[in-house]
Amino acid sequence: MKLFHTPLPTLLFLLLLGWFINVNAMATSLGETLPQEMRNSYVQYGEQYLGKEWKVLPSTTFARFKKDGNRVEYEGLCFERRRHLAALVMAEIAEGKNRFLPDIINGLNVMMEETWWGIPAHYGSAVPMHDVQTVDLFNAETASLMAWTGHELKPQLDRFSPDIYKRLSREIDRRILRPALGSKYWWKTAGMNWNPWICSNWLTCVMLYEKDADRKAKAIIEIKGCMRAFIDAYPDDGGCDEGTGYWDRAAASLFECLQLLRDANEHLDDEETLAPKIANMGTYIYKMYIGNDYCVNFADTHENKSVVQLNVLYPFALYLNDNAMRGFAAYLAQQKNFWNNPSALYDKSGNFPTLGRELMLLRTVDKLREETVRQPLTESWLPNLQIMTARSYPNATTPKGLFLVVKGGHNDESHNHNDVGSFIVYADGKPLLIDPGVGEYTSQTFSKNRYSIWTMQSQYHNLPQINGIDQHDGKQYAAKIIAKGKRSLTLDIAGAYPKEAQVKSWLRTSMLKGNTVQITDKYELSAINTPTRLMFMTPEKPDLSSKGIIRIGNHTMEYANSQANATVEDVSLSNDAVLKEMWGENLYRICLTIKSESLKNSFVVTIK
């Protein structure tokens, strides 16, 4: 299929033909063929895999999760195998000369020989079994990759052997279409990323490969029910309590489902009524944007940069017709060199490249090219999640001055960290006081021992440790909103601590005024057993040489030296590659130990 070497009408027809079964809405078009440099990018990305051996997925490596808790070794091999295939497929689509086809055929067969397409952390036994096809995130994600590969390259595959596509159809039916339909999986009613993430891939397979009309109708009805459960569970403010790193597989995957339905002349019941909430779910991502590619990283956000995927952001922006979101997409396209090297973004569009999303983006590039480029340097208030963002210079064209974000909420959120009342400060678009985020996932991450991991604990967030006691996990451990100003938020965070902390009230006011952030803690305790400590996390090495002033780079934290003693700990990030990628080799914890023995006290920290 010589997509980019044919006349425009033929090109558009071939690219869009059969985008979904029963699609009549394909009057939309790319508007023009892709420029040569973009085609070259995809081709060169695929060329690195030409003739390359396919990664082996040993059973003993799969079993490691059950044996010693390691999940990343198998995931690395598994995801690289899928990256290998996705790179070849996009290169073949871009070049259209069948040069990549032999490797693609080998890759399809290698992957069809896998016992199960998911990852060990989501499987019940140490070794996968052929007849136990559990539907998890990556079994579904792999099915989508395979489905789009077969769909886009069917004529070429059939010329080699029709049996390849026939087998692929059977494997998709066996691995996702049949087990997903009618099974009472927990994720079908969940208000977190598993629900729409799986549904978007399941729906893709239904639209492209389900031949039984009754089963297709039943699957669509069931998927719509899953989508509605996800939307109903979401807060009205559209906030993603899993953190910005999961937005692209939460609200953005919901959008994929909506777009898949729309392209098939289907729609979600009451979609118009739900539109304001869906819009909030979409625009959440730029409300949490800091600047310089940084995003707020509360909860299990694995990255503090590049968490927004262009290939779903822009189509979602078009769906919502949100100008700020459209400008944000144009900004990312410009900053990330999309117009010259789109494969660099394609490579990073998920745990492995998401072929379906890339094809969805490519049919909108003519519109994207015409958008006004703008960073969404906004301020926001999410009342349900109790998240406030504030800027020294809101709506500026570049991030400058201070950026403050404060989090209330409770300690039973999805991918929760015990962080009620914590805050983050960035200066000129760079991290100053931070949330460390989360390291590599292990078997401990989602176990009963989750909160023994240091990154989950309140003492490693910008929070007090009261009478030597940290916050506790659970929905009852929550903040109360006392007052909300334009750029200030007062929370009572006493409820986030267990009774052993002996705290009656802890009013924390976080305020941005001009180029100054002021954190005021006014508290009342029942007793003092251990001096209270205020913690602050930073990636910059603090300088404590001046009393009452802590220098962090070009900025200062000021406090009453007569009221507290300051110390700094170097919190080594050891060998955790995820945390090192976020913050560098070192992370520091500033500790202000309160001297006062009064049960009632007030303490102020000023960041300038």
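**Close-up views of a predicted model**

**View A. Serine 200 has a side-chain polar contact with the backbone of tryptophan 197.** A polar atom of the serine 200 side chain lies 2.8 Å from the backbone oxygen of tryptophan 197. The model shown here and in the other views is predicted. Serine 200 belongs to helix α10, which spans residues 194-209. With a relative accessible area of 1%, serine 200 counts as buried, because the cut-off for buried is under 20%. Leaving aside residues up to four places away in sequence, serine 200 touches Ser253, Glu256, Cys257 and Leu260.

**View B. Helices α12 and α14 cross with left-handed geometry.** Helix α12 covers residues 251-263 and helix α14 residues 310-320; their axes come within 10 Å and cross at roughly 60°. The two helices are therefore oblique to each other. On the α12 side the contact is made by Ala251, Ala252, Phe255, Glu256, Leu258, Gln259 and Arg262. Val312, Pro315, Phe316 and Tyr319 make the contact from α14.

**View C. Eight strands form an open sheet with antiparallel pairing.** The strand order is β11-β12-β13-β14-β21-β18-β17-β16. Strands β11 (480-484) and β16 (543-546) each have a single partner strand and stand at the edges, so one side of each is left without a neighbour in the sheet. On average, neighbouring strands of this sheet are turned by 20° against each other, direction ignored.

**View D. Strands β18 and β21 run antiparallel.** Two bridges join β18 (residues 555-558) to β21 (residues 600-607). Glutamate 558 has threonine 606 as its bridge partner in β21.

Terms used
Residues numbered from 1 in each chain as written. Predicted model: local features only at pLDDT ≥ 70, side-chain atom pairs only at ≥ 80, totals over all residues. Heavy atoms only, no water. Pairing = 2+ DSSP bridges. Helix = DSSP H or I, 4+ residues; strand = E, 2+ residues; numbered from the N terminus. Axes fitted to C-alpha atoms, helices over the stretch in contact; angles between N-to-C directions. Buried < 20%, exposed > 50% of the residue type's maximum accessible area, 1.4 Å probe, protein only. Polar contact = N/O pair within 3.5 Å; in protein donor to acceptor, adjacent residues only side chain to side chain. Contact = heavy atoms within 4.5 Å. Parallel < 35°, antiparallel > 145°, perpendicular 65-115°, else oblique. Left-handed = near helix turned anticlockwise from the far one by under 90°.
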